[in-house]
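Here's a quick tour for anyone meeting this protein for the first time. Have a look at the model, then read on.

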Amino acid sequence: MNIVKKLFYSHSVVRNKCASAKMKLDKMAPVISCKEEHSHVKAAEFLTNGHVIAVPTDTIYGLACSANCPKAIKKLYSIKGRDSAKPVAICVTRISDVRKWGVSEHLSDDLLHSLLPGPVTVVLEKTKLLDNPFLNPSTTKIGIRIPNHKFMNSVTEMFDMPVALTSANFSNEPSTLSIKEFEHLFYHLGAVFDGGILSQLEQNRTGSTVIDLSNCGHYNIIRKGISYEQIIHILDSYGLAKLDVT
């Protein structure tokens, strides 16, 4: 069975069941170049089979897994050494996916298309379709990203389900811009997808700008990241008011 057929077969199973994966693999994860033919197909297959993988984005390297797979999400938190109370975002392909997984009737298509794809995470209330009890259990909200990155867009389009995404580092460590910076995680991963050095600028380690848009007509700044000023200009231009949180 070739890799494409295998992917479609296994992907039909993952919607109802996800494969179990050991906390630590028996050998170091393979490093696969994102320039390799069908690399996005291989990445989607790893996600389908319940693995956590490392991927490049338009900001920093991330750890990714199937967002609706409980075992994969628990493994993601274990690898990060992350408190489950700290939320992770999901990565999708298009604006219609943002609306599928996040409550966004109060946001116009024009606004969302002005923000996405790009270095921004939009925080919304979860829809009922995000039914993984281990995904952000301490909040009813979810951060949603559409990276401006060809490889990641191809992966999410092939996988066709939400991909949980968090930075590729232990909690409280700096974010990473090359795979060499998180080699200590390789034994815990299904695969590492190498997109090269993402940036030479240290300030780009801040990652995406995170904006809560769950309140109609308002926005709340959760994290100032890449392109922060430009993103705020877009929100202001659409008449959204900054929400003062005390």
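Strand E10 (residues 209–212) and strand E11 (residues 218–223) run antiparallel and pair over three bridges. Strands count as paired if DSSP finds at least two bridges between them, and the elements themselves are DSSP runs numbered from the N terminus: helices (H or I) of at least four residues, strands (E) of at least two. Keep in mind that this is a predicted model, where local features need pLDDT of at least 70 and side-chain atom pairs count only at pLDDT 80 or more, while totals for chains, interfaces and linings use all residues. Residues are numbered from 1 along each chain as its sequence is written, and side-chain values use heavy atoms, leaving out hydrogens and water.

**Around E11**
- Ile211 has Ile221 in E11 as its bridge partner.
- Together, E11, H7 and E12 form a right-handed β-α-β unit (with the strands pointing away from the viewer, the path from the first strand over the helix to the second runs clockwise).

**Nonpolar cores**
- The largest nonpolar core has 49 residues, and Leu63, Ile90 and Phe182 are among those with the most contacts inside it.
- Elements giving two or more residues to this core include strand E3 (62–66), helix H3 (70–80) and helix H7 (228–237).
- A second, separate core of 18 residues includes Ile32, Ala43, Phe151 and Val155.
- Such a core is a set of buried Ala, Val, Leu, Ile, Met, Phe, Trp, Tyr and Cys residues joined through side-chain atoms within 4.5 Å.
- Buried means under 20% relative accessible area, exposed over 50%, and partly exposed in between (1.4 Å probe, protein chains only).

**Cysteines**
- A search of the whole structure turns up zero disulfides (pairs of cysteine sulfur atoms within 2.5 Å).
- Cys65 has its closest cysteine sulfur in Cys69, but at 7.1 Å that's too far for a bond.
- Cys65 is buried at 0% relative accessible area, whereas Cys216 is exposed at 56%.
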